[in-house]
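Thanks for coming, everyone. I would like to walk you through one chain of this model, beginning with a local detail and then widening the view.

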Amino acid sequence: MTSTPLSHSPTTSRSRWLKGQRDVLLIWAILVVLVIIASLASDRFLTPFNLERVTAQLTALTLVAIGQTFVLLTAGIDLSVGSVVSLVGTLMVGIITDAPESWLLGAVVALGVGALVGLVNGLAVTRLRVSPFMVTLATLSVVQGLALLVFDLQRDSASGSITRAFGEVFTGSLGPVPIPLLLIVVPLFLSALVLRQTPFGRHVYALGSNENATRLSGMATDRVKLMVYVISGVMAGFAGLYTAARTLSGNPLIGESIAFESITAVVLGGVSLMGGRGSILGTLAGVLIIGVLSNMLNLLRVPSDYQYVLRGVLLVVAVMLYARRGRLA
Amino acid sequence: MTSFTPTTNGILDLYRRSPLRHVQPVVFALVGMVIVLALVSPRSAEPANLINLVRQGGPLALVAIGQTIVMISGGLDLSVGSVVILADVMAAQMISGQEERVIPVVLLVLGIGALIGLANGVLVVLLRVTPFIATLGMNFVVFGAALLYSGGAPRGDIPPNMRFWGNGFIAEVIPAAAVVLLLVALVAWFLLSRTTFGRRLTAIGANRRVAYLSGVSVRRVTLLAYGLSGLLASAGGLLLVAFVGVGTLEVGTDFLLGSIAASVIGGTPFEGGKGTVGGTIAGVLFLMVLYSILTALALPVSGRRIAEGLIILAAVALYARART
């Protein structure tokens, strides 16, 4: 993925570019095959209704996976994202009312809570020099506890659901385009832009490829690290806001599986846990593979038990393929 | 820990020169927790109730010892929660209250646990999948298998002769589960500190490359570490089902997070290269005392999660500071 502006001849630069894209091409090819299988296996798969449903189901995962991509690219990890989704959902129940002004407040709180958790993660990783896994495992626990606490407090004060009008803001459509689709495409585009076209994006890749070299060459590695955790937290907060709008409720356990799911998606998409390798385009393919696969199995009425098994096998096989390619290249 | 700065912190100096320096920090934390428990709820701190905590902590302690072995080698086992569940539902369903089935089923379940662990090891060692992904994938696969096997609703129960080892007492005071734990802990302690396996494991965790270059068979030792973790996780599931009496599908996250937390609180760094069985058991007991303090304070699940997270963070931060 390292596009060096100082390459000696255009041929090496192009072949290098192609080499970098091989993993992404492979994963998109797998996705295309999967889509063909799904449409052959069930004639309900390629219907607008079903595709819209898949999109709506994948929006939260996509948002979280984008943040997770930033973190994994720096060789970090964020296990706390699921708890953030849950906490934001429970908070929204208390904040969102019929008055549209409260919706703005809700959005600010959602993103703010996400940013705050991300900041705590980032500070702990950079200042305490503790491994990201342990830091975010700890915040996973704390934030999950807070979500349960908020939920318990709400149970005493009745209400418990979010007004339908708020849900329609996120689940309706803007002209012919469904809003969930916009919520996937716009953040994807922006994050790809940030990663490919800004100095910050290049620092993220550099940091993940070789932290020591990056620090020694004078980059503020700690600031970059802090930023990726804040980005991940904010995206999780956004996902929590969307999930609350879609379900019109605040379930304190709704995000439980999303951390590992997002890591699965990002890794399927070719981002290495060692950092420095992968792209947003790959992450999108990873998310879509998970979504199409589980949708297809649901349409075929395959019980969820097999889906767990399949997902595990898929994850391991994908990583094995990447590991093999890495060694050959 | 060997050098000390004479200018600062008189108490710390005193500690570093006293025989107490050989006691692991987690033991002080554990004693402190017991004192807090005694203050919060004198009844819970009575010897009989403290012994009871050992009984309740038995299953987690077995799993955590396995996790510690893998973590010492610099790895991680995210599949332990699912292995506990699979062992748990398989044992309940296959035994179905028949006393004569206990021994063959226990052996079978332990074998399956060891095989799952070895499969993790093969993925990590031979196929070069990172431990995180290999064991996360295995976690999905094994949980799916447990769901398939139980049909989503665990059936069967455990006969009295097996339940005794989970919740019975020897001579009416010593919990049978504590005896099981003690035996396993002794074997694990022997393996880690009195055999070449233990020394090689530590060497791999401290520096894989150097260990390899000094002739350690990194592959074989790592494989064995994951095998032991799978074996101990299934043993933990068996002890759990013997304690509860019926199968459950709900405990995976508690065992996964609990085993990592106990190892880290007990002094095994996430990066590996260090760690003791005694520290991990103290870590488990620390968690158990913490839970009963929170119960005494009538703090629900939310308080438990928050306290757990803060303590993990504090533990890793303190150990990180001690290292530098």
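Predicted model: local features only at pLDDT ≥ 70, side-chain atom pairs only at ≥ 80, totals over all residues.

Just after helix 12 of chain B, Gly267(B) adopts a positive phi of about 100°, where helices are DSSP runs of H or I of at least four residues, strands are runs of E of at least two, and both are numbered from the N terminus. Residues are numbered from 1 along each chain as its sequence is written, and chains are lettered from A and ligands numbered from 1 in the order in which they are written.

Staying with helix 12 of chain B, twelve of its 14 residues are buried, meaning that 20 or more other C-beta atoms, placed from the backbone, lie within 10 Å of a residue's own. Among them are Phe255(B), Leu256(B), Gly258(B) and Ile260(B).

Now to the partner chain: 38 residues of chain B are in contact with 34 residues of chain A, contact being C-beta atoms, placed from the backbone, within 7 Å. Helix 6 (131-150), helix 12 (252-265) and helix 14 (301-323) of chain B each supply at least two residues to that side, and helix 6 gives the most, with 14 residues.

As for chain B as a whole, it has 14 helices and two strands, and buried residues make up 51% of its 324 residues.

Terms used
Contact = placed C-beta atoms within 7 Å.
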